Amino acid sequence: MAGSNKALSEGYAEKAWIRHKDCYGSRPYLREFKSGFIAGYLDVASGGYGCCPTLAPEEFWGWRYQSTHGHYAVNAWFEGFPLGAKAAEQDGVSHWGQIRTSSTNGANRTSGTNVAVPLTPPMSVGDPDVT
């Protein structure tokens, strides 16, 4: 993701979190949950499918998370990720990472004209009286 697009997406992710955080404010390990929410949002905004990764980010691999509380914190990250992805889909940002192309190009044009040739011929409906 390019720098300015990444900054823009991060801004939208933070705004989405602000809109949704009241729904999750009373849960434990809110910092880790928010981190997962933002990561899920950014995944969709950058063209991903919003599927949880197999591993948590490296920040959760340290000794601090090698305990019962650490496991709960990592679980909170994994719980936040799909909810952030869903928020991004609802915001309509999933298409931002796509590059638009024309449905017609030079290969689909007739020789020497600017008239586009359809990629597929139109379907015939057929005669409704014939069975």
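View 1. Y24 is buried, at a relative accessible area of 17%, where buried means under 20%, exposed over 50% and partly exposed in between, with a 1.4 Å probe and protein chains only. F37 is buried too, with a relative accessible area of 0%. The structure shown here is a predicted model, in which local features need pLDDT of at least 70 and side-chain atom pairs count only at pLDDT 80 or more, while totals for chains, interfaces and linings use all residues. Residues are numbered from 1 along each chain as its sequence is written, and side-chain values use heavy atoms, leaving out hydrogens and water. There are 10 aromatic pairs in the structure. Y24 and F37 form one of them, a tilted pair with 6.5 Å centre to centre and 55° between the planes. Rings of Phe, Tyr and Trp (its six-membered ring) pair if their centres lie within 6.5 Å, and planes under 30 degrees apart count as stacked, over 60 as edge-to-face and the rest as tilted. Because Y24 sits in helix α1 and F37 in helix α2, the pair ties together parts that are 13 residues apart in sequence.

**View 2. W17 and the largest nonpolar core.** This core has 16 residues, and W17, F37, I38 and Y41 touch the most other members. A nonpolar core is a set of buried Ala, Val, Leu, Ile, Met, Phe, Trp, Tyr and Cys residues joined through side-chain atoms within 4.5 Å. Helices α1, α2 (30-45) and α3 are the elements that give two or more residues to this core, and α2 gives the most, with 7 residues. Leaving aside residues up to four places away in sequence, W17 touches Y24, L30, F33, K34, F37 and I38; contact means heavy atoms within 4.5 Å.

View 3. Follow the rings here, and you will find F60, Y65, W77, F78 and F81 linked into a cluster by ring pairs.

**View 4. Helix α3 from end to end.** Helices here are DSSP runs of H or I with at least four residues, strands are runs of E with at least two, and both are numbered from the N terminus. Helix α3 takes in 24 residues (68-91), which at 1.5 Å a residue should span 34 Å; its end C-alpha atoms are 35 Å apart, which agrees. The expected span is 1.5 Å times one less than the number of residues. Among the buried residues of α3 are G70, V74, W77, F81 and A88. After α3 comes G92, with a positive phi near 80°.

**View 5. K6 across from L42.** K6 belongs to helix α1 (residues 3-24). With 43% relative accessibility, K6 counts as partly exposed. Between K6 and L42 the distance is 8.3 Å, C-alpha to C-alpha, though they are 36 residues apart in sequence.

View 6. Searching the whole structure turns up 0 disulfides, a disulfide being a pair of cysteine sulfur atoms within 2.5 Å. C51 is in no disulfide, and the nearest cysteine sulfur, that of C52, is 8.0 Å away. C51 counts as exposed, at 57% relative accessibility, and C23 counts as exposed at 60%.
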